[in-house]
Amino acid sequence: MAAFAKRGSRILRQHVLNTYCAKGKLKSIGARQMCLNYKSSWCLKENKTSWQHKRGLFHSSAVQANKIVPYNLTDIGEGINEVSIKEWFIKVGDKVSQFDNICEVQSDKASVTITSRYDGIIRKVYYDIDDIASVGKPLVDVEVEDVSGEEETSLESRGKSARVTDENEDHFLADKALATPAVRRIALENNIKLSSINGSGKGGRILKEDVLEYLQNMSPVSDAGSALCDKRPASGRAHDYTEPIQGFKKAMAKSMTDSWKIPQFVYSDEIFAMKLTELLSHMKEIASSRGIKLTYMPFFIKAASKALENFPVLNVNVDESCENLTFRRSHNIGVAMDTLYGLVVPNIKNVQALSLLEVAMELNRLQELGKKGALRQGDLTGGTFSLSNIGAIGGTYTKPLILPSQVAIGALGKIQVVPRYDQSGNLIKAEVICVSWTADHRVIDGATLARFSNTWKKYIENPFLLLFDTAL
Amino acid sequence: MAQNLVTKLYRISVIGAARNKPYVVPSVKAVTYSTSTQQDSGAVKNSDAVKSVFISQSNDIFTNLALEDWLYKNFNFINHHILLLWRNSPAVVIGRHQNPWLEVNTSVLSEHGIEIARRNSGGGTVYHDNGNLNLTFFTPREHYNRKNNLQLINRALIREWGLKTEISPREDIVISGGYKQISGTAAKLGRPNAYHHCTLLVSVDKEKLKHALHKHHKGIKTNATQSIPSPVMNLCDVNSHVTVEKLLSTIGWEYLRTCPYTAEDRGKDFIMKQRGFQFINPTDQWFPGLDKLRAELTSWDWRFGKSPKFNVTRTFQVPQELLGKEELRNEELSITIDVNKGMVEDVMLMVPPGLKAANGFSGQAQVVTSLKGQRFSEEAVTILQKALSELESPEQTRNEFVVDCVRQVVKSV
């Protein structure tokens, strides 16, 4: 599967199809695609194939040809229901691309150019010149080709221009995000609101790449995350089961692949956490009386921020070609989280300006949203540094993978009770946390990371320092 | 790529006398979805679009139409709405799907030096001259709103001269109380841009207007858009202080102070945030591709050839001399010409029995074959004449008569 992740999902689909649809009755790639990804609402009723599509299952009965989609005359606006066709720019059998002119219609005094929504071949033209066409009824039938839906557009259906007022404008743009049906499907599958994605296409259109980038920013960093991802009970099924890598997992796959390009080194250390545990036990009650759930994590986050103040080179964003470093003023510290959809890394903004309790509050908020799968894009982007508390589940030393564009990440192991010698040489029962930092060796050298770690260590071993706003 | 060109050229295209501000070019990428993290993602508009008023320095109808088309095809209006103001020397402008032979008297116009032009938007025929101001409101497709624009004009007229006007059900501007139009409106919608343009009659020569647009019953059958004639009046007749120059600036200011998305008046301060007035010199240098557009607009194929197909029928009284026998009187020769794309597709002659010579009216075939495929114009008739004159002389008078009739058909239309 890793090979497929590298070479792209299309190859994966092919493989799966060849495995499962090997009866060879699926004639076209377009139809196979339909089977894999798209829900049955896409399929026209004319298409005699009676397949039900559930995600993850494949149907292997025959589909006739490329799908033929009726392209309806969309709302022109101004309350107009009928227009007269004045000129055709295409005829049956012509190949059209999206945005190609299809016809010119006239309504009252407005001459409107209708452009194509799809790439494909015109199979039927419903009207002649000078006929009256009705809004909402099919204008032409287009046989859609094997395009993966990326170049389709649903702009024409957004013709609400005439009646918008300011507030309707908000409503209009927020609801009617410009995106192709394929893109909408991906977003729907991953429960992402299209309104929370920035479109980089023409006219603010959301492209498939935008959605994937969005997902990627939610991808996990710790390679121990695979344990978390596996939600299915191991003994659930009797047969081998193959599932395409989609959505979050796909984003994770991509992100990990990108991360692998970064030369990384790990520095690990042991921290005495006795004072921290003690402080936490005192503060927990106070915090919960304020409605804040306080855990170890806010301490780790705040300590990291304090340490970053002394080592700003660890709080940078580096570009892909590793030519520029952007020193970020705000410490947007990401926290790896296990959410409904898998591992995501939302970040807390401006930790340097927040108090410990405020960090805890923010963390709670993100966790709540994460549980519901309702994290917004603003929460998921803009991170400068990341932490992973894999120790909450278990483990000691680990090698987390850096989130591409950041230069460092830390992973914390569990608190172990082990015997150690203190400074006076006495054997004590020590509570020890293992921390592993990974840094981008192109930008960060070992000494810097080590000193950073030591600074962080001092804050954790003397946590009361976090309650003051003093630098060490 | 066209957009990049636009941005580069736009930077230097300002030829304002007093306004040589360095203009920040509108960004190429659509920024409808804001990437700023301050507001909610999926932000509606990062800020209001800014507005400019462009004033064309050309008086040539074709150049101005080409400029309008150029902006429609090449400019990105997402953050930048534009009002284009232009004037032309006398011309008649027909709508995109109209038939010039139906709408105007083509021969009359050519005598008076009045140009015929076809615009890209739909609607009916209008007469332009220097007493007429044209306005084009450019916006992205989503923000196209005709009513707002007309309300804006109403407001401007009230503000400056206290002129009360109304918007008729057909969305034309009429003077309150009377039903005389002072403006005609049309629009073009496409992806991603749209425009709405209208005329404002300030001090137009009404006689010429009537003359040019006077429709005779011409026996033309077509599906082309037919203009609806309506009485018009000049603004200067209502209020003698109104002049085109003043109107230009009044409307310009009103445009700049109106909210880009609604017809709301935002007040004088709002104007400060806009880009103000700019004089535009529509040349190919500033607007690459403009010459090509203009050439297309001047071409016969566009102006006449783009007419939806039609047929014209005329009947002529055959003069007595040509009828062989005495008994037949009042015979009529009927000629029907089918025209498609401005070219004669077919000709049908209903020849009365008397006109036929003993061996049939041999010229019939000639008429048909020589006219077919020709442009529906005077040239076709000349060609026909030549063709028929090569026949033998006894036919001559008859042939001449037929040719004459055909000529009449073409000319009178």
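## Aromatic cluster in chain A

In this predicted model, ring pairs join A:Tyr296, A:Phe300, A:Phe311, A:Phe385, A:Trp437, A:Phe452 and A:Trp456 into a cluster. Rings of Phe, Tyr and Trp (its six-membered ring) pair if their centres lie within 6.5 Å; planes under 30 degrees apart are stacked, over 60 edge-to-face, and the rest tilted. Over all chains, the whole structure holds 21 aromatic pairs.

## A tryptophan pair in chain B

The ring centres of B:Trp101 and B:Trp300 are 6.3 Å apart and the planes stand at 55°, so this pair is tilted. The pair links distant parts of the chain. B:Trp101 belongs to helix H3 (residues 100-103) of chain B and B:Trp300 to helix H11 (residues 300-303) of chain B, 199 residues apart. Helices are DSSP runs (H or I, at least four residues) and strands likewise (E, at least two), numbered from the N terminus. Both B:Trp101 and B:Trp300 are buried (under 20% relative accessible area, 1.4 Å probe, protein chains only).

## Charges over rings

The charged end of A:Lys124 sits over the ring of A:Tyr126, 4.5 Å from its centre. B:Lys51 lies over the face of B:Tyr255, 4.0 Å from the ring centre. The criterion is NZ of Lys or CZ of Arg within 6 Å of the ring centre and within 35 degrees of the ring normal.

## Confidence

Chain B has a mean pLDDT (the predictor's confidence in each residue, from 0 to 100) of 77, and 77% of its residues reach 70 or more. The model scores ipTM 0.71 and pTM 0.52.

## Conventions

Residues are numbered from 1 along each chain as its sequence is written, chains are lettered from A and ligands numbered from 1 in the order written. Local features need pLDDT of at least 70, side-chain atom pairs count only at pLDDT 80 or more, totals for chains, interfaces and linings use all residues, and side-chain values use heavy atoms, leaving out hydrogens and water.

Note on methods: Buried < 20%, exposed > 50% of the residue type's maximum accessible area, 1.4 Å probe, protein only.
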